[in-house]
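Work through the exercises below with the sequence and the 3D view at hand. Each task is followed by a solution in steps.

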Amino acid sequence: MAGDGTEELRTGLAVRGADGRRLGTLVGLDAGVLVVERGFFWPQRFTVSRSDVGAVKDGEVRLLGGAALRETHTGALLSEPAQARESLARETSGASVREEGDDVRVPLAREDAYPLLRMRDVGAVRVRKVVRTELKQLTVEVRREELVVERLPVQPGATAAPEGTPAGAFEELEQVIPLWREDVEVVKRAVVYEEVHLKKAVERRTWTEEVPLRQEVARVEEEGDARLDVGDVRSDSHSH
């Protein structure tokens, strides 16, 4: 047992393998074993024998090569630190959380919205002709002939024949004079007085609607005496 520094073991120290890779944080000292925890959101605990501790210095626990790691909940032997990392990766892969070294990367998602234009039938326009009847007054001047009879006095002897008897005197005479008039005959004919042109025009208007969108934010909570430097990430302190 290379335990020159085992007296300095305490919880909170970083635990690294022989290759310098971080395995987790020392969270417990049990009978002859070290309890190491790895993982931020889905922590995993495994145990390491005190005999596998190589050195404790600079706030870190260095393990010897070939250190035997066992999962606390199953007791399965993890002979290599790489197996512990693979087991942790399997637990966190479902939530898309990645651990790279000492960093835990949690993707944050948000909803985005964009308009999708679709054509739909809003109806139809039917055009048909109907016949309307209206009364129209026509005014026209018509002519009509009438017979005018005038009697003119004749001077005695002015038209007497030389023989003394007028020609045609005492003879019956009948004279037919035709009289004419104008009648109005209404003739109707169809004429084109107007044309109706049908065409479609595109009306443009602005459509506005407020759409609720969800967005994930990172919220880091401090428990106990833990102090976090989270930079731009919001930190909420709660008393437990």
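**Exercise 1.** How many salt bridges does the structure hold?

Solution. The model is predicted, so local features need pLDDT of at least 70 and side-chain atom pairs count only at pLDDT 80 or more, while totals for chains, interfaces and linings use all residues. Residues are numbered from 1 along each chain as its sequence is written, and side-chain values use heavy atoms, with hydrogens and water left out.

Step 1. A salt bridge is a side-chain nitrogen of Lys or Arg within 4 Å of a carboxyl oxygen of Asp or Glu.

Step 2. By this rule the structure holds seven salt bridges. One of them pairs Arg 21 with Asp 19, whose closest N and O atoms are 3.5 Å apart. Another links the side chains of Arg 45 and Glu 37 at 2.9 Å, N to O.

Step 3. For accessibility, buried means under 20% relative accessible area, exposed over 50%, and partly exposed in between (1.4 Å probe, protein chains only). Arg 45 is partly exposed because its relative accessible area is 40%, and Glu 37 is partly exposed at 24%.

**Exercise 2.** Describe the surroundings of Glu 60.

Step 1. Glu 60 lies in strand 6; strands (E, at least two residues) and helices (H or I, at least four) are DSSP runs, numbered from the N terminus.

Step 2. Is Glu 60 buried or exposed? Glu 60 counts as buried because its relative accessibility is 18%.

Step 3. Contact means heavy atoms within 4.5 Å. Not counting residues up to four places away in sequence, Glu 60 touches Ala 14, Arg 16 and Ala 55.

Step 4. The side chains of Glu 60 and Arg 62 form a salt bridge of 3.4 Å, N to O. Arg 62 is partly exposed, at 32% relative accessibility. Salt bridges with shared partners join Arg 16, Glu 60 and Arg 62 into one network.

**Exercise 3.** Which residues have the most contacts inside the largest nonpolar core?

Step 1. A nonpolar core is a set of buried Ala, Val, Leu, Ile, Met, Phe, Trp, Tyr and Cys residues joined through side-chain atoms within 4.5 Å.

Step 2. The largest such core has 15 residues, and Val 61 and Leu 63 have the most contacts inside it. Two or more residues each come from strand 2 (22-30), strand 3 (33-38), strand 4, strand 5 and strand 6 (60-63).

Step 3. Beyond four places in sequence, the residues that Leu 63 touches include Val 15, Leu 23, Val 48, Asp 52 and Leu 69.

Step 4. Asp 52 is in the loop between strand 4 (44-49) and strand 5 (53-57). Asp 52 counts as buried because its relative accessibility is 15%. Leaving aside neighbours within four places in sequence, its contacts include Arg 62, Leu 64 and Ala 67.
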